[in-house]
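Reader: Before I use any of the terms for this structure, I would like to know what stands behind them. Please set each value against its definition.

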Amino acid sequence: MKTIIAFIFSISCVLFSNVSFANTGVFYGSGNQVIPIKNNQIQLVREKVNINLSVDENSGRFGVPFIPWANVTAKFYLKNTTNKAVSLQIGFPFLDLQGFGDEKYVLENLNFKVVSGDKEIKTEIKEGLIENEFDPSGLFKKVFAWQDEFKPAEAKEVVVTYKMLMGVASANSIFRAFDEQGRKFSAIDKLFPAIGYNFGYITKTAYTWSGSIEEAVFQIDCSAFYKAIEGHSFLAELGDNFPKFTRPTFWESIDPVSAEKKKTIYQWTFKGSVPEEGLSASFVVLLVPSLPAEVKGYYSSSMSHLEGIKPDEFKAVLKNYYQNIAFNKQPVDSFSQSYFEEVGLVKMPKVFISEQDRKNLEEIANNFDELIKK
C-alpha cells in the first residue's frame, strides 16, 4: 500500500522541516564573511512584517500535494541617533538558501529585494559567521548583505521583500527500535500518516541595533493556505486500500501563543522588545476523520490493515489520538503510554482551523466508543 509516510519521508532530505526567515541585523565584515555586531548609532524604531501564504503552480512537485509559498514584506523604520553620517552593513540571514546551492538561481527565484528610502539597493550573498547567541542551533549559513548610508539624524524606511517555500515533511515519521514492540509501533505509525507545513522567523537580530525597538508587528495571512488544505483530497495520495473519508483532521500550532487571530490572519504585536526565541507556525494534516459520522466507517475499514496489531491496540491508540487532539489528554493505559512517548504530534499545542472542527473533534473524543458501535 502506498503511504503518505513513505512519499513524504523520501523528500525530507531535500526539503527542510522548519524553514526559517529573519529580520534585519547589523553585520561586520567587508569580505565574503560577515558577523552580527551591536551598533550604537542606528536604532530600529519599528518593524512591520507581513507574511502571506499562497499556493500556486508548484502543486505536486517533489511528490508532495502542494508546497505553499511564504511571501514576505518586511518594513523597518530606522533612525540615525547621531549628528554624524553613518555607513553600515545590514544583513538578512537565511537558512542555507533552502539548499538550492546556485546563488544566481536563489536570487532570481526568491525575488529578494531591498528598497531603502525609495531607492533599490544591490545585495550580495555572504557567508554568515553567526554567533551562538544569535543562532544557537547553528542554522544560518548565508546572509543577504548590503551597504546602507544614513545622513545625520536621518530617519527612513527600509523595505525587504522575498518569498520562500514553506517547510514540508512527514509529521509522524518516527525512528522506532527494532525489537518486537518497536516493529509493532512502526506498523501503527503507518496507519496515522500526517503532513506538517511549517516555518520559523528569527527575531533576535533586532538586538543588534542601537537601543530598543518601540514596536514590532508580525502578521501571517493563512487565507489561501486554508483554502488549499481544505480543498485538497489528501487521501488520493494514499492509494485505493486506505480507508476513505471526506475531511481529515487539521490543526495549527502558533508560537508565541499570544498571537491574536481574526478569521484567517494571525498577528503579534510587541512593545519594547521581541521574543528572543523567534516566531513559528506549524500546520498539521492528520489523516483520520474529523467528522463524527465517518468515524465508524474509518474504524471498520482499518481492521483489514492491522498487520501484527491487535484490534484493541489500534482502538486504544485511535481513541487516545482523539482525546489528545480535542482535550490535550494524555493516555492512561500502559500500551498507549508507551506508544505515544515518541509521538511528537501529541506534545504540540493545537488550535483548530475552524470552530466547527473543534466541536466535531470534541464530539468524537467524548463519544468515541458509542460512535464506533453505531
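This is a predicted model: local features need pLDDT of at least 70, side-chain atom pairs count only at pLDDT 80 or more; totals for chains, interfaces and linings use all residues.

Reader: Why is Arg176 called buried?

Author: Buried means under 20% relative accessible area, exposed over 50%, and partly exposed in between, with a 1.4 Å probe and protein chains only. Arg176 has a relative accessible area of 8%, so Arg176 counts as buried. Across the protein chain, 53% of the 374 residues count as buried.

Reader: Which residues does Arg176 touch?

Author: Contact means heavy atoms within 4.5 Å. Leaving out residues up to four places away in sequence, Arg176 touches Gly182, Phe185, Ser186, Asp189, Tyr339, Glu342 and Val343. Arg176 and Glu342 are 166 residues apart in sequence, yet 8.5 Å apart in space, C-alpha to C-alpha. Arg176 itself lies in the loop between strand 12 (167-170) and helix 3.

Reader: What makes a stretch a helix or a strand here, and how many of each are there?

Author: Both are DSSP runs numbered from the N terminus: helices are H or I with at least four residues, strands are E with at least two. The protein chain has nine helices and 18 strands.

Reader: How do you know that the buried residues of helix 3 are on the same side?

Author: The buried residues of helix 3 (residues 180-190) are Gly182, Lys184, Phe185, Ile188 and Asp189. They cover an arc of only 160° around the axis, which puts them on the same side of helix 3. The arc is that of the directions from the helix axis to the C-beta atoms. Glu180 and Arg183 are exposed and sit on the face of helix 3 turned away from its buried side.

Reader: What arc do the buried residues of helix 5 cover?

Author: In helix 5 (residues 295-302), the buried residues are Val295, Tyr298, Tyr299 and Ser302. Their arc around the axis is only 95°, which puts them on the same side of helix 5. They pack against helix 6, helix 8 (355-366) and helix 9 (368-371).

Reader: What makes a set of residues a nonpolar core?

Author: The set must consist of buried Ala, Val, Leu, Ile, Met, Phe, Trp, Tyr and Cys residues joined through side-chain atoms within 4.5 Å. The largest such core has 102 residues, and Leu53, Phe92, Val160, Phe192, Tyr201 and Phe283 touch the most other members. Helix 6 (residues 311-327) gives the largest share of this core, seven residues.

Reader: What is the phi of Asn111?

Author: Phi of Asn111 is near 55°, a positive value in a residue other than glycine. Asn328, also not a glycine, has a positive phi of about 60°. Most residues other than glycine have a negative phi, and most peptide bonds are trans.

Reader: Which residues does a cis peptide bond join?

Author: Asp255 and Pro256 are joined by a cis peptide bond, with omega about 5°. Pro256 lies in the loop between strand 15 (249-255) and strand 16 (260-262).

Conventions. Residues are numbered from 1 along each chain as its sequence is written. Side-chain values use heavy atoms; hydrogens and water are left out.
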